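Please walk through this protein chain with the structure open beside you.

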Amino acid sequence: MKKILYSVMALAIAAMTFTACEDVPAPYDTPTGGGTGGGGTEVTYEGEGTLEKPYTVADAIKYAKSFGQAESEKQVYIKGYITNITEEYSTNYGNANFDISDSKDGGNKFTFYRGLYLGNKKFASGDTQIKKGDEVIIYGKVVNYRGNTPETVQNAAYLYSLNGVTAGGGSETPTAEAKGAGTLEDPFNVAAAIAYAKQVGSGESDKEVYIKGKVSKITANYVADNYGNATFYISEDGTSAGEFYCYRTLYLGNQKYTSGKLLELKDEVIICGKVTCYMGNTPETVQNKSYLYSLNGATTGGGEEPAPTTDLGTADAPLNVAKALEIINGYEAAGSSPTDAYVKGKIVSVQSYNSQYKSITYYISDDGTETNQLQVYSGKGLNGADFAAKEDLTVGATVVVKGQLKKYVKNDVVTPEINQNSQIVSIDSNTGGGGTEPGGGGGEVSGNAISVNFSSLGLSNQEKVSTLTLSDGTTLTFDGGGNSNSPAYYNTGTALRMYPKNTMTINAGSKKIAAIEIECNEYSGTVYNASGDITVNNTKMTIDGLKLKFDGPNASTANIANASTTTGAPSQLRMMTLKITYAE
């Protein structure tokens, strides 16, 4: 409802002031006081955004505006007073909405939007309630929503302290000595598990480890008619000191809970599974990738080890789709594989793109037809890279996918799938040969110019590029510029894609570059020219339809940069052709 109201207000304002309805990104470090022309005023901050020196609310507003309408690249601490509470906590989602200011009287306003409670946990009815006038420190990513509402990113922030009180659990540093090797014979104690998770970081561990401790808090016990997993905390002694978060953990034998003893406080447990440090600050198990190995000394089958798991393939010897379906069909309702499987198949159809998670849902089968197909739900790209659009995958391409097999059930309808957060290990577009070798003599010389069609260079689909050498000796060197998505070629649109902050440096050797032209790709009405924010040596190129042009720089090198501050597909530069004209 909040977002709808903002949209209505924005439209009303636009109509009254006769401004254009195009999304125009705010400049970096927008000055707060007058002035016209270029340059602006340097933005200064009272705080540093750290726990030791958190941002003030005024700082947070400036910081959010500095990213235009994009999310901040890092999480920051912000200190202020609660001046308005929109929603104390949501019973459905366990998060809250409130505003903070630098004083209890209000004034400047920053919104804590759908953020979590102390310790990065959901709000619960038994928690200390927030109220106006409370002094808080919040921690998370920020955004200037629609260019006019500085706020935290939804579900990417939490309440670090409330009137000086911090979480008594997962975020505190354990005082116990770290012990154990993480094996069944010598499991990690809780302190060692926390240390290991922090070492892993925000990804997930590449192996399963064993962790021993006592249950200190139960957030959600096993529920047979829901997900069959539990969420709880463990510590060395069953108290709230130095807790580790066991998130959506399965039951004994790595099975869903259907019957048996529920968890109780002070139970001694051994957990087996993968771990992560969620958002860089909460050590925990990876959702549905851990299970209760023992409960007060009892394991599956009266103390015997669980039966060996089914062969789930490897990157070099993946399962075919038929075998993956056979394994999934053997699971109980909503069952899943204990670890990731590797499955090879041909893409049958590409269903949808999720812009929030930058993932794609698609189907694969052994022969590329709809017969015996397997859904890959909300999967990631090559080696876990983000997708930028639905068109990033091509029907008919052969892929090897790494992810958890799952029998998904909803309204009595069973869908065999590879669960969300899978990644493509390898991809073969099967589009045939032709062209020159990558980086080996591409481009057609005519007079004092060279024209390059990126589809003729022999690049494979989703191939990341570093240096291409053209037939006249000119080199094109690409760099990610700090973006996790680096320049890459895609068959869809037959274009080389440059994402925000990506650069391409042209080095013409002894020749001088007199002009540069780029032809962009257009798809479904979207022109992929990075919203026109393409610079050459920090000077913008001019736009002529699908072409970007630049006269100069009359030097042997030119640095082309995607300077877009927008998000989504329009932020990309998709180069179909490049023409370089040299000085005569």
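Which residue in S24 stands opposite threonine 467? Threonine 477 holds that place. Keep in mind throughout that this is a predicted model.

Strand S23 covers residues 467-469, and three bridges join it to S24. The two run antiparallel. Together S23 and S24 make a hairpin, with five residues between them. Look into the turn and find glycine 473. Its phi is positive, about 95 degrees.

Now follow S24 itself, residues 475-479. In a regular strand, side chains alternate between the two faces of the sheet.

S24 has another partner, strand S27, residues 503-507. Five bridges join S24 to S27, and the strands run antiparallel. Threonine 477 takes part here too: its bridge partner in S27 is threonine 505. So that the row is clear, trace it across: threonine 477 stands opposite threonine 467, and threonine 477 is also bridged to threonine 505.

Step back to the whole sheet. Six strands form it, in the order S23-S24-S27-S35-S31-S32. The sheet is open and its pairing is antiparallel.

Strand S31 spans residues 534-536, and strand S35 spans residues 557-562. Three bridges join them, again in antiparallel fashion. Valine 536 has isoleucine 560 as its bridge partner in S35.

Next, find glutamine 462. It lies in the loop between strand S21 (449-453) and strand S22 (463-464). Is this glutamine buried or exposed? Its relative accessibility is 5%, so glutamine 462 counts as buried. Leaving aside residues up to four places away in sequence, glutamine 462 touches Leu382, Phe387, Asp392, Leu393, Ile427, Ala488, Tyr489 and Tyr490.

One of those contacts leads on to a charge. The charged end of arginine 497 sits over the ring of tyrosine 490, 4.0 Å from the ring centre. Arginine 574 is placed in a like manner: its charged end sits over the ring of tyrosine 528, 3.7 Å from the centre.

The model has eleven aromatic pairs. One of them is formed by tyrosine 210 and tyrosine 293. The arrangement is edge-to-face, with 5.6 Å centre to centre and 90 degrees between the planes. This pair links distant parts of the chain, 83 residues apart. Tyrosine 210 belongs to strand S7 (residues 209-220), and tyrosine 293 to strand S11 (residues 282-295). Tyrosine 210 is buried at 16% relative accessibility. Tyrosine 293 is buried too, at 8%. Elsewhere, Tyr45, Tyr55, Tyr63 and Phe67 form one aromatic cluster.

Finally, take in the whole chain. It holds four helices and 36 strands. Of its 584 residues, 46% are buried. Among contacts with a separation of 6 or more, 63% involve residues 24 or more positions apart. The chain exposes about 27500 Å², and carbon and sulfur atoms supply 48% of that area.

Definitions and conventions
Residues numbered from 1 in each chain as written. Predicted model: local features only at pLDDT ≥ 70, side-chain atom pairs only at ≥ 80, totals over all residues. Heavy atoms only, no water. Buried < 20%, exposed > 50% of the residue type's maximum accessible area, 1.4 Å probe, protein only. Contact = heavy atoms within 4.5 Å. Phe/Tyr/Trp six-rings, centres within 6.5 Å; stacked < 30°, edge-to-face > 60°. Lys NZ or Arg CZ within 6 Å of the ring centre and 35° of its normal. Areas by Shrake-Rupley, 256 points an atom, 1.4 Å probe, with all protein chains shown as cover. Pairing = 2+ DSSP bridges.
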